[in-house]
Amino acid sequence: MIRANFHTHTTFSDGKNTPEEMVQTAISLQMTAIGFSDHSPIGKECTGTSGMAFESEKAYIAEIARLKNAYSDRLTILSGLEQDSNSPKTPYPYDYTIGSIHGIWADGIYRAVDYKEQVALETVETYFGGDHYAYAECYYRALAETANRYDPTFFGHFDLIAKYNEGGKYFDETHPRYRKAALEALEALIPCGKPFEVNTGAISRGVRTTPYPNPFILREMQAHGCRILLSGDSHSASGLLCAYEQATALAKSCGFTTALTLTNTGWQEEAL
C-alpha cells in the first residue's frame with residue numbers, strides 16, 4: 001500500500017496537531033513521505049473558511065524547514081500549501097501546491113461548501129431557491145475557472161460539493177444536470193495536465209464512508225489518461241493513512257493501476 005500523504009493540515013490552519021506531531025506519527029506508521037498543505041490565507045469576507053493567518057505563513061515555512069532538517073534521515077518531508085482559488089497567490093516558494101476551492105460566491109457573499117452541513121443547506125435555500133443542482137452547477141463553474149487562476153501541482157477534492165450528500169441524501173449524483181456540470185469542469189481542468197487526488201478526508205472526520213471523487217468522475221478521469229494520487233486530507237495525526245485501502249480499491253475498480261507520490265525531485269509512479 002502507498003504510505004505517503006501530501007494533503008495534511010496542522011495547527012497553523014484548522015488541523016488538530018502540530019507539524020512535528022504529524023511527522024512523529026508518520027514515522028510511527030512507517031510512512032515514506034508527508035507533505036504539509038495548510039490552507040492558504042484568505043480574506044475575512046470569506047466566511048466559514050479556515051486559512052492560516054497572513055502573518056503566520058513565514059513561521060509555517062520555517063517550521064517545515066526545521067522538521068526537514070531534523071527528520072530527513074527517517075522521512076521525506078515536503079512543504080506545501082492548499083491554495084484556495086479565492087486566496088491571493090502566495091509570494092512564498094513551496095515544494096508543491098494543491099489547487100482547491102472551498103466555497104462559492106452567492107449575491108456577493110462567499111459561502112463555504114464544506115464548513116458545516118447546515119451552512120450548505122442554508123446556502124441552497126437562500127441563494128438557489130432550494131435547487132441543489134443549481135448549487136452544484138455554480139460550484140463546478142467555479143472549479144473550472146481554477147484552470148486559469150494558478151498553476152497548482154495537483155487538484156484537490158474534485159467533488160467537494162458532495163461532502164454531505166453520500167447516498168444521495170440531498171440530490172442525485174447520476175442526474176443529468178449534475179453529471180453535465182461535473183464533467184464540464186473536468187474537461188476544463190484536464191488540459192492543465194495535473195493529477196487529481198482520491199481524497200479520504202471526509203471519512204476520517206466521520207462525514208462520509210466513501211472517498212471523493214464519485215466513481216463516475218474517476219472513471220472519466222481514467223478514460224482521459226489523468227493521473228491520480230491518494231490523499232488523506234488529514235486534519236489530525238490519526239487520519240494520516242485513513243481508508244487508504246478503500247481508496248486504493250476504489251481507484252482500481254475505476255481502471256487505475258498506478259498512483260503518484262511526490263519526491264524531492266518530482267512525481268514518482270507506484271503500483272496500486
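**Notebook: cavities, pockets and core**

I began with the second largest cavity, whose volume is about 60 Å³. The model is predicted: local features need pLDDT of at least 70, side-chain atom pairs count only at pLDDT 80 or more, and totals for chains, interfaces and linings use all residues. Residues are numbered from 1 along each chain as its sequence is written, and side-chain values use heavy atoms, with hydrogens and water left out.

On a 1 Å grid over the protein atoms alone, a cavity is a set of points where a 1.4 Å probe fits but cannot get out; a pocket is an open set with protein on both sides within 12 Å along at least five of seven lines; lining residues have an atom within 4 Å of a point. Grid points are joined across faces, edges and corners, and a volume is the space filled by probe spheres set on the points.

**Entry 1: cavities**

I found two cavities of 30 Å³ or more in the structure.

The largest cavity holds about 90 Å³ of space. I listed Val113, Glu117, Ala120, Leu121, Val124, His132, Tyr135, Ile161, Tyr164, Asn165, Tyr170 and Phe171 as its lining. Two or more of these residues come from each of α3 (117-128) and α4 (132-145); helices (H or I, at least four residues) and strands (E, at least two) are DSSP runs, numbered from the N terminus. The most is given by α3, with four residues. The lining of this largest cavity divides into nine nonpolar, two polar and one charged.

I then looked up the largest pocket, which contains about 300 Å³ of space. It is lined by 22 residues, of which Asp14, His39, Ser50, Asp114 and His235 are the closest to its centre. Its lining has four nonpolar, 11 polar and seven charged residues.

The second largest pocket contains about 200 Å³. Its lining includes Ser85, Ile101, Trp105, Cys138, Arg141 and Arg149. I traced the largest share, four residues, to α4. The class count for this pocket is five nonpolar, four polar and three charged.

**Entry 2: arginine 111**

I located arginine 111 in strand β7 (residues 109-112). It is buried, with a relative accessible area of 15%; buried means under 20%, exposed over 50% and partly exposed in between (1.4 Å probe, protein chains only). Its side chain reaches the backbone oxygen of valine 119 at 3.4 Å. Not counting residues up to four places away in sequence, arginine 111 touches His102, Gly103, Ile104, Val119, Glu122, Thr123 and Tyr127, where contact means heavy atoms within 4.5 Å.

**Entry 3: nonpolar core**

Of its 76 residues, Tyr140 and Phe158 touch the most other members. The most is given to this core by α4, with nine residues. Among the residues that tyrosine 140 touches, beyond four places away in sequence, I noted Phe158, Ile161, Tyr178 and Ile217.

Terms used. Nonpolar A, V, L, I, M, F, W, Y, C, P; charged D, E, K, R; others polar. Polar contact = N/O pair within 3.5 Å; in protein donor to acceptor, adjacent residues only side chain to side chain. Core = buried A, V, L, I, M, F, W, Y, C linked by side-chain atoms within 4.5 Å.
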